[in-house]
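Dear colleague,

Please find below the structure that I am handing over to you. My findings follow it, and I would be grateful for your comments.

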Amino acid sequence: MDFSIIQYSKFMTLLDMLLHNLKTLHMSLEDSIKWLREVMAEIGPSHSQQNEEWNIFDVKQANAIVDYLKISLFQHYKLYEFLFFSAREEIVIGTEQVIEVVKPAGHPFPDPLEEGISFDIYSTFIEPPPILDMEMKGLNQDQGPEESQPEADTSETDPLVGFTIEDIKLVLGQVTDDILISIQTKINEKLQIQEEAFNARTEKLKKA
């Protein structure tokens, strides 16, 4: 309708007041139509010369506004009343998560998860070869030059000479802690990613 800025302002104020009357004042359809007629008489076309400066809309614009309100607000007045006054039940959509727990003491580590840890990481870190054998191999490699001695000497030499039980326990504890910390960090990262994905899906379902 090529409204001016003042006409846009008056038109939007008119819409806001009609919704305010319906939502806050619980005004009926008949009262809203009467209120609109009184307001349009003030800001619409008038034959009085005294109110000429208050005339914002001409006859064509006033008819267009009334027609718009008729097909938008007044025609669906019951729907707006239901929207503002009727309580609606909130539907909460939930989701279940299945978590695989650690097995009893007989199985210190759970089997590799289908979507969690790859078999390479599982076989490398979770089920490594016996650490004692690795230490023995390392000691044997360190003592490589001594293998040229007679077999009698090598058989009599203990590869663990110079190591106490406390030293072996300390080494095993350090290696085990490093492995467990690495595994725990990776598992926490994967669980965090899955938790964020589930939360995002839950929020989308709630909004839907």
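**Findings**

D2 is exposed, with a relative accessible area of 76% (exposed means over 50%, buried under 20%, and partly exposed in between, with a 1.4 Å probe and protein chains only). This residue belongs to the segment before α1, where helices are DSSP runs of H or I with at least four residues, strands are runs of E with at least two, and both are numbered from the N terminus. The phi of D2 is near 55°, a positive value in a residue other than glycine.

Please note that this is a predicted model, in which local features need pLDDT of at least 70, side-chain atom pairs count only at pLDDT 80 or more, and totals for chains, interfaces and linings use all residues. Residues are numbered from 1 along each chain as its sequence is written, and side-chain values use heavy atoms, with hydrogens and water left out.

The mean pLDDT of the protein chain is 76, and 66% of the residues score at least 70; pLDDT is the predictor's confidence in each residue, from 0 to 100. Among the elements of the chain, α1 has the highest mean pLDDT (91), and helix α7 (residues 151-156) has the lowest (52).

H26 lies in the loop between α1 and α2 and is exposed, its relative accessible area being 53%. N21 is part of helix α1 and is buried, at a relative accessible area of 3%.

The largest nonpolar core comprises 17 residues, and L14, I65 and L69 have the most contacts inside it. Such a core is a set of buried Ala, Val, Leu, Ile, Met, Phe, Trp, Tyr and Cys residues joined through side-chain atoms within 4.5 Å. Two or more residues of this core come from each of α1 (5-23), α2 (29-43) and α3 (59-72). Leaving aside neighbours within four places in sequence, L14 is in contact with W35, L36, V39, M40, I65 and L69.

Finally, I93 lies in the loop between α4 (77-85) and α5 (119-126). I93 counts as partly exposed, at 35% relative accessibility.

Yours sincerely

How values were computed: Contact = heavy atoms within 4.5 Å.
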